[in-house]
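Please find my notes on this model below.

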Amino acid sequence: MTSPRDPSSPAGPGRSGADANDGAGSGGDGLGSGGETAGQRRSGLRNPAGAVRGLGAGTLGLEALVLLLAIQPIRVVGGELSGAAVAVIVLLAVAAVALAGMMRRPWAWHAGTVLQGALMLAGLLHWSLLALGIIFALVWGYALHVRRVILGR
């Protein structure tokens with residue numbers, strides 16, 4: 001049996017089991033035993049908005065890295081890659097990094113969606129860019145789904 005002051009106690013440090021379950025104890029978060037307040041679902045994350053921003057930024061950062069690292073293999077294996085195609089790839093990677101840094105702004109999520117469409121349009125320059133565009137559009141769609149589930153937006 002754990003003591004009420006034990007950090008591993010289900011009630012948490014310094015709170016008795018009765019205080020932890022009723023949600024009305026001093027310093028409580030107002031959550032009832034069901035974990036919901038006013039129809040709002042609790043995600044279990046300390047900072048849900050920050051976690052979702054991190055997911056979006058991480059996705060865009062990974063996309064930028066993959067785009068930059070894909071230039072040479074596309075040139076060697078995939079055939080001819082024009083200078084314009086390389087410039088488009090670099091521009092898309094820079095845009096992805098810039099958007100990753102602006103994930104606090106609500107419009108950045110919409111801009112990220114546009115970026116996925118632009119990457120698929122870059123498939124007109126080389127087929128492998130279309131393949132990367134489809135893959136990252138699916139990943140971005142999943143990130144948007146997670147955002148909607150956690151934040152309700």
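**Notes on the predicted model**

1. The chain's secondary structure amounts to five helices and two strands, where helices (H or I, at least four residues) and strands (E, at least two) are DSSP runs numbered from the N terminus. Read from the N terminus, the order of elements is α-β-β-α-α-α-α. The chain has 153 residues, 29% of which count as buried; buried means under 20% relative accessible area, exposed over 50%, and partly exposed in between, with a 1.4 Å probe and protein chains only.

2. This is a predicted model, in which local features need pLDDT of at least 70 and side-chain atom pairs count only at pLDDT 80 or more, while totals for chains, interfaces and linings use all residues. Residues are numbered from 1 along each chain as its sequence is written, and side-chain values use heavy atoms, with hydrogens and water left out.

3. The average pLDDT (the predictor's confidence in each residue, from 0 to 100) is 79 for the chain, and 72% of the residues score at least 70. Helix α1 (residues 17-22) has the lowest confidence, with a mean of 42, and α4 the highest, at 96. Over residues 7-37 pLDDT stays under 50, and the model has 32 contacts beyond four places in sequence for this stretch. A contact here means heavy atoms within 4.5 Å. Among the contacts in the chain with a separation of 6 or more, 53% come from residues 24 or more positions apart.

4. How do α2 and α3 pack? Helix α2 (residues 48-77) and helix α3 (residues 83-100) have axes 8 Å apart, at an angle of about 160°. The pair is therefore roughly antiparallel. Axes are lines fitted to C-alpha atoms, for helices over the stretch in contact, and angles run from 0 to 180 degrees between N-to-C directions. Angles under 35 degrees count as roughly parallel, over 145 as roughly antiparallel, 65 to 115 as roughly perpendicular and the rest as oblique. The crossing of α2 and α3 is left-handed, meaning that the near helix is turned anticlockwise from the far one by less than a right angle (right-handed if clockwise). Residues in this contact include Leu60, Ala64 and Leu67 of α2 and Ile89, Ala93 and Val97 of α3. By class, the contact has 15 nonpolar residues, one polar and no charged. Ala, Val, Leu, Ile, Met, Phe, Trp, Tyr, Cys and Pro count as nonpolar, Asp, Glu, Lys and Arg as charged, and the others, Gly among them, as polar.

5. Helix α4 (residues 107-121) and helix α5 (residues 127-151) cross at roughly 160°, and their axes come within 7 Å. This makes α4 roughly antiparallel to α5. Their crossing is left-handed. Trp109, Gly112 and Gln116 are among the α4 residues involved, and Phe136, Trp140 and Arg147 among those of α5. The contact of α4 with α5 comprises twelve nonpolar, four polar and one charged residues.

6. For α2 and α5, the angle is about 175° and the axes are 10 Å apart. α2 is therefore roughly antiparallel to α5. Their contact has 19 nonpolar, three polar and two charged residues.

7. Not counting residues up to four places away in sequence, His126 touches Ile74, Gly78, Glu80 and Leu81.

8. Leu144 lies in helix α5 and, at 23% relative accessibility, counts as partly exposed. Leaving aside neighbours within four places in sequence, Leu144 is in contact with Trp109 and Thr113. Leu144 and Val52 are 92 residues apart in sequence, with a C-alpha to C-alpha distance of 9.0 Å.
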